[in-house]
Amino acid sequence: MTTDPLPDLASDFVPFATAALDFHRAINLPAGPMAAHRTELDALHAHLTALYGVLDTHTARTTPLAEAEGDHLRACRIRLWQAAEHLHDAYHSADRPGTGRPRTREACRARRPEGAPELTICQRHLATAAHVRRDHTPADLRDPFTGLTRH
């Protein structure tokens, strides 16, 4: 099957984003034990949800042309969402600003929002979750192994 040639891509920013993350890790994350700060977890969550969007687009465009490659991209997309879920949970488990203590067990059970700006991560997470629920079944999202199912 012949396909149209790919259009000229804009400057590829992905290598710059990768280099920026590597630079951030080298410069800003000291050696030794230290809990991740909520600001860092929020930024990482934003990065993962943006990467999920990029892979979502690649998956949608690739699958009709290359089914096996599309399946692998889909599995990668699911794993990214699972990682974003864990980051969201880590954010809410991290020490609260001003108190230096995590939320109480009762507050966690009540699922009370913490208010702005802390609620921003939740808004981003819920917006992405709505998209994820349209594209994946609960079984897809909870499956411990998401790749190589058909190939």
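This is a predicted model: local features need pLDDT of at least 70, side-chain atom pairs count only at pLDDT 80 or more; totals for chains, interfaces and linings use all residues.
I'll start with the chain as a whole. There are six helices and zero strands, so the pattern along the sequence is simply α-α-α-α-α-α. The chain has 151 residues, and 28% of them are buried. The accessible surface comes to about 10,800 Å². Carbon and sulfur atoms account for 61% of that surface. On contacts: taking those in the chain with a separation of 6 or more, 74% are between residues 24 or more positions apart.

Next, helix α2, which covers residues 38-62.

Which residues of α2 are buried? Going along the helix, they are Arg38, Glu40, Leu41, His45, Leu48, Thr49, Tyr52, Leu55, Asp56, Thr59 and Thr62. As a reminder, residues three or four places apart in an α-helix point the same way, because there are 3.6 residues a turn.

On the α1 side, look at His24, which sits in helix α1. Leaving out residues up to four places away in sequence, His24 touches Leu29 and Glu40. Glu40 is one of the buried residues of α2. His24 itself has 24% relative accessibility, so it counts as partly exposed.

Now the charged pairs. Side chains of opposite charge can pair when their charged atoms come close. How many salt bridges does the model have? The count is three.

Take Arg124 and Asp42 to begin with. Their closest N and O atoms are 2.8 Å apart. That pair joins helix α5, where Arg124 lies, to helix α2, where Asp42 lies, across 82 residues of sequence.

The other two bridges both involve Arg77. With Asp56, the closest N and O atoms are 2.5 Å apart. Here the link runs from Arg77 in helix α3 to Asp56 in helix α2, 21 residues apart. Both Arg77 and Asp56 are buried. With Asp135, the closest N and O atoms of the bridge to Arg77 are 3.9 Å apart; the cut-off is 4 Å, so this pair is counted. That one ties helix α3 to helix α5, with Arg77 and Asp135 58 residues apart.

Put together, Asp56, Arg77 and Asp135 form a network of salt bridges. Are its members Arg77 and Asp135 buried or partly exposed? Arg77 has 5% relative accessibility, so it counts as buried. Asp135, at 31%, counts as partly exposed.

Last item, the cysteines. How many disulfides are there? The count comes to zero. Cys76 has a relative accessible area of 35%, so it is partly exposed. Cys122, at 14% relative accessibility, counts as buried.

How values were computed: Residues are numbered from 1 along each chain as its sequence is written. Side-chain values use heavy atoms; hydrogens and water are left out. Helices (H or I, at least four residues) and strands (E, at least two) are DSSP runs, numbered from the N terminus. The expected span of a helix is 1.5 Å times one less than its number of residues. Buried means under 20% relative accessible area, exposed over 50%, partly exposed in between (1.4 Å probe, protein chains only). A disulfide is a pair of cysteine sulfur atoms within 2.5 Å. Contact means heavy atoms within 4.5 Å. Accessible areas come from the Shrake-Rupley method with a 1.4 Å probe; for residues, only the protein chains shown count as cover. A salt bridge is a side-chain nitrogen of Lys or Arg within 4 Å of a carboxyl oxygen of Asp or Glu.
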